[in-house]
Amino acid sequence: RQSGEHRPLPHARPPPRPARNHTRPPPARVTDPDPNTRWTTISAGDLHSLAIDNNGHAYSWGRNDAGQLGNGSSDGINNIPHPTPARVTDPAPNTRWTTISAGDFHSLAIDSNGHAYSWGATRYGQPRPNSHTHRTPPATPPPH
């Protein structure tokens, strides 16, 4: 080093960035499908959301490009928004859901009997390995 040469200290921090004045909307309440709806579980995916109400019913809203809403349909590449929660198609009568999770283009849930279900895209092996088809309603698990 030459005399008078200064190097910054290794722990020196860059100057703070100027504050951005971006306003964000405040949280908005999800539209309840029924006035008596009470949500117990919620999950956010890439472009869709899922929730379970206090009766164990699963609901979905958002985009349905690959059947990830579990309502028996798929919108493909049409980018149709579904802003209001609607019931997920139950795989059997009286299905009660306990856990639910939204992925990018697929959804997973566990029923009160401990069975796991999946629906939506399977392009990369989720939720069914070695399958490249879309599943729209939750599929019944294979028999034991």
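Author: Asp 32 counts as buried, because its relative accessibility is 19% and the limit for buried is under 20%. Its partner in a salt bridge is Arg 29, with the closest N and O atoms 2.7 Å apart. Arg 29, by contrast, is exposed, with a relative accessible area of 68%. The model that shows this is a predicted one.

Side chains of opposite charge can pair when their charged atoms come close. In another of these bridges, the side chains of Asp 65 and Arg 63 meet at 2.5 Å, N to O. Asp 65 is buried at 15% relative accessibility, whereas Arg 63 is partly exposed, with a relative accessible area of 22%. A further bridge joins the side chains of Asp 90 and Arg 87 at 2.8 Å, N to O. Here Asp 90 is partly exposed at 22%, and Arg 87 is likewise partly exposed at 37%.

The aromatic residues come next. The structure holds 4 aromatic pairs. Trp 39 belongs to strand β1 (residues 39-44) and Tyr 59 to strand β3 (residues 58-62), so the pair ties together parts that are 20 residues apart in sequence. Trp 39 is partly exposed at 27% relative accessibility, while Tyr 59 is buried at 9%. Ring pairs also bring in Trp 61, which forms a cluster with Trp 39 and Tyr 59.

Trp 97 and Tyr 117 form an edge-to-face pair as well, with 5.2 Å between centres and 85° between planes. This pair links distant parts of the chain, for Trp 97 lies in strand β5 and Tyr 117 in strand β7, 20 residues apart. Trp 97 is buried at 3% relative accessibility, and Tyr 117 is buried at 7%.

Three strands form an open sheet in the order β5-β6-β7, with antiparallel pairing. β5 (97-102) and β7 (116-120) stand at the edges with a single partner strand each, so one side of each is left without a neighbour in the sheet. Neighbouring strands of this sheet are turned by 20° against each other on average, direction ignored. Between β5 and β6 (residues 106-111), the antiparallel pairing runs over 5 bridges, and Ile 100 stands opposite Ala 109 in β6.

How values were computed
Residues numbered from 1 in each chain as written. Predicted model: local features only at pLDDT ≥ 70, side-chain atom pairs only at ≥ 80, totals over all residues. Heavy atoms only, no water. Pairing = 2+ DSSP bridges. Helix = DSSP H or I, 4+ residues; strand = E, 2+ residues; numbered from the N terminus. Axes fitted to C-alpha atoms, helices over the stretch in contact; angles between N-to-C directions. Phe/Tyr/Trp six-rings, centres within 6.5 Å; stacked < 30°, edge-to-face > 60°. Buried < 20%, exposed > 50% of the residue type's maximum accessible area, 1.4 Å probe, protein only. Salt bridge = Lys/Arg side-chain N within 4 Å of Asp/Glu carboxyl O.
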